[in-house]
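Student: I have a structure on the screen and would like to talk it through. Could we begin with the ligand and then turn to the helices and strands?

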Amino acid sequence: METFLPITYLNDFVFCPYSIYLHQVFDNSNEVLYSASPQQTGKSAHTIIDSEKQKEKAQIIKGAYVISNRLGIYGKIDTFYVAKQKLVESKFQIKTLYKGYYYQLWAQYFALTEMGYVVSELCFYSIRDKKTFPVSIPGQKELEELRNHIRKIARFDFEQEMNVNSAKCQHCIYASLCDKTNIDHVYA
Ligand code: SF4
């Protein structure tokens with residue numbers, strides 16, 4: 001059986017590779033158990049948006065699974081406006097556009113196009129302050145960069161020594177469960 005990498009790992013790995021290991025360990029638990037408040041807030045905001053969008057009659061695909069066989073990744077897209085050919089990735093609040101965000105969106109884009117959809121516009125949307133951040137359509141260079149990132153994740157040795165960044169740990173939802181640090185996350 002083929003193994004596919006969840007698209008969310010592309011961003012998680014940039015934040016901290018070890019968070020992927022912890023995600024796997026706690027994957028079968030109730031997500032609410034280890035989701036800190038900002039993540040919960042983000043999910044609530046998504047839910048409100050979800051219900052609003054349901055009222056719209058336009059061609060909108062929300063929260064659908066996409067898969068790319070050539071990249072070996074799968075995951076959910078946020079919103080795809082079919083007629084506008086526009087793919088949007090919403091986050092509760094975007095202060096910085098991290099590389100991991102781009103990897104997620106690129107992966108969604110490549111998966112959608114591989115599935116036969118035409119996507120001509122990409123953007124991030126910050127729900128809290130209603131800001132939109134347009135993103136260029138990725139080309140061959142970005143595809144190769146994404147491939148290398150996926151390979152790096154697939155080959156990562158989670159038992160190796162790693163540098164712990166306490167600033168990140170403070171904002172990591174796994175901090176209270178992580179054996180690499182004694183720091184509590186700020187949401188505790
Ligand atoms: S608590 Fe720190 S070391 Fe542990 S997964 Fe989170 S960011 Fe990584």
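Student: How do the residues of the shell around the ligand divide into nonpolar, polar and charged?

Tutor: Please note that this is a predicted model. The shell around the ligand holds eight nonpolar residues, two polar and one charged.

Student: Which residues surround the ligand?

Tutor: The ligand is surrounded by F15, C16, S19, L22, M162, C169, C172, A175, C178, K180 and T181.

Student: On to the helices. At what angle do the axes of α1 and α6 cross?

Tutor: The axes of helix α1, residues 8-15, and helix α6, residues 140-154, cross at roughly 75° and come within 10 Å. Angles of 65 to 115 degrees count as roughly perpendicular, so α1 is roughly perpendicular to α6.

Student: Which residues make the contact?

Tutor: From α1 these are Y9, L10, F13 and V14, and from α6 they are L146, H149, I150, K152 and I153. By class, this contact of α1 with α6 has seven nonpolar residues, one polar and one charged.

Student: Now the strands. In which sense do β3 and β4 pair?

Tutor: Strand β3 pairs with β4, residues 73-76, in the antiparallel sense, over four bridges. V66 stands opposite G75 in β4. The hairpin of β3 and β4 has four residues between the strands, and G72 takes a positive phi near 75°.

Student: And which side chains along β3 are buried?

Tutor: The side chains alternate along β3, residues 65-68.

Key
Residues numbered from 1 in each chain as written. Predicted model: local features only at pLDDT ≥ 70, side-chain atom pairs only at ≥ 80, totals over all residues. Heavy atoms only, no water. Near = heavy atom within 4 Å. Nonpolar A, V, L, I, M, F, W, Y, C, P; charged D, E, K, R; others polar. Axes fitted to C-alpha atoms, helices over the stretch in contact; angles between N-to-C directions. Helix = DSSP H or I, 4+ residues; strand = E, 2+ residues; numbered from the N terminus. Parallel < 35°, antiparallel > 145°, perpendicular 65-115°, else oblique. Contact = heavy atoms within 4.5 Å. Buried < 20%, exposed > 50% of the residue type's maximum accessible area, 1.4 Å probe, protein only. Pairing = 2+ DSSP bridges.
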